[in-house]
Amino acid sequence: MERLHGIDKKEREQRIAEAAYFRAERRGFIGGDPVADWIDAEQEIDAELCKQEQDRSLEELKSRLKAVGEKLKALKRKASSVTAEARKEIELDIQKLGPLRDALEKRLAEARVQGAEAAERAREHAEALWVEISAILARVAKRARGKRQ
């Protein structure tokens, strides 16, 4: 079944129909245009669904951010058990992670307060930061495993 904004097409149309009905009901079913009611309701429901989808996406990124913090702490502990050369490389990568994590946190905060279009750009930037953070975490973990004292 076709899905849009996380729900199936039939459920979306049902929500739109209900919203259009309530619009007509509010004016006592007098005057108005059923097509205009439908179009307005469609925009309203799609905006709600889009916001819910963005909120889910931002919550996922927030969860990833928390995981980065936990991995960062673990990597700092691991750094003490590797050779001096590897420790230096790991510490350099760990230094890169802090600002990246902070930038991701900032973008998530901005996405929560901005409009849908700006939030989408912030979410895309946060995703790109996540990719960079993940690459550094993988590199550091590989060094920590491969260069023990």
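Which of the 26 residues in the largest nonpolar core touch the most other members? This is a predicted model, and in it those residues are Leu-75, Ile-90, Leu-97, Leu-104, Leu-108, Ile-133 and Leu-137. The elements that contribute two or more residues to this core are α2 (34-79), α3 (84-113) and α4 (116-146). Of these, α4 gives the most, with 10 residues. As general background, nonpolar side chains in soluble globular proteins tend to be buried together.

Apart from neighbours within four places in sequence, Leu-97 is in contact with Leu-72, Ile-133, Ile-136 and Leu-137.

Now move to Val-140, a residue of helix α4. Is Val-140 buried or exposed? Its relative accessible area is 0%, so Val-140 counts as buried. Leaving out neighbours within four places along the chain, Val-140 is in contact with Leu-75, Ile-90 and Asp-93. The C-alpha atom of Val-140 is also 7.9 Å from that of Ile-94, although 46 residues separate the two along the chain.

**Helix α1 and its buried side**

A second, separate core has 7 residues, including Ile-7, Ala-19, Ala-20 and Leu-49. Ala-19 and Ala-20 are also among the buried residues of α1, together with Arg-12, Ile-16 and Ala-24. Why do these five residues sit on the same side of α1? They cover an arc of only 140° around the axis, which puts them on one and the same side of the helix. In general, an α-helix has 3.6 residues a turn, so residues three or four places apart point the same way.

At α1 the cap is Asp-8, with a side-chain oxygen 3.1 Å from the backbone nitrogen of Lys-10. At α2 the cap is Asp-33, where a side-chain oxygen lies 3.1 Å from the backbone nitrogen of Val-35.

Which side chain does Arg-12 meet in a polar contact? The partner is the side chain of Asp-46, at 2.7 Å.

Asp-37 belongs to helix α2. With a relative accessibility of 8%, Asp-37 also counts as buried. A polar contact of 2.6 Å joins its side chain to that of Arg-27. Setting aside neighbours within four places in sequence, Asp-37 is in contact with Ala-20, Arg-23, Ala-24 and Arg-27.

How many aromatic pairs does a search of the whole structure find? The search gives 2. Tyr-21 and Phe-22 make an edge-to-face pair, with ring centres 5.7 Å apart and 75° between the planes. Tyr-21 also pairs with Phe-29: here the centres are 5.3 Å apart and the planes stand at 55°, so this pair is tilted. Together, the ring pairs link Tyr-21, Phe-22 and Phe-29 into a cluster.

Are Tyr-21 and Phe-22 buried, partly exposed or exposed? Tyr-21 is partly exposed, at 44% relative accessible area, and Phe-22 is partly exposed too, at 41%.

Phe-29 lies in the loop between α1 and α2. Its phi is positive, near 55°, and Phe-29 is a residue other than glycine. As a rule, most residues other than glycine have a negative phi. Gly-28, which follows α1, has a positive phi as well, near 70°.

Notes. Residues are numbered from 1 along each chain as its sequence is written. This is a predicted model: local features need pLDDT of at least 70, side-chain atom pairs count only at pLDDT 80 or more; totals for chains, interfaces and linings use all residues. Side-chain values use heavy atoms; hydrogens and water are left out. Rings of Phe, Tyr and Trp (its six-membered ring) pair if their centres lie within 6.5 Å; planes under 30 degrees apart count as stacked, over 60 as edge-to-face and the rest as tilted. Buried means under 20% relative accessible area, exposed over 50%, partly exposed in between (1.4 Å probe, protein chains only). A nonpolar core is a set of buried Ala, Val, Leu, Ile, Met, Phe, Trp, Tyr and Cys residues joined through side-chain atoms within 4.5 Å. Helices (H or I, at least four residues) and strands (E, at least two) are DSSP runs, numbered from the N terminus. Contact means heavy atoms within 4.5 Å. The arc is that of the directions from the helix axis to the C-beta atoms. A polar contact is a pair of N or O atoms within 3.5 Å; within protein, one must be able to donate a hydrogen and the other to accept it, and residues adjacent in sequence count only if both atoms are side-chain atoms.
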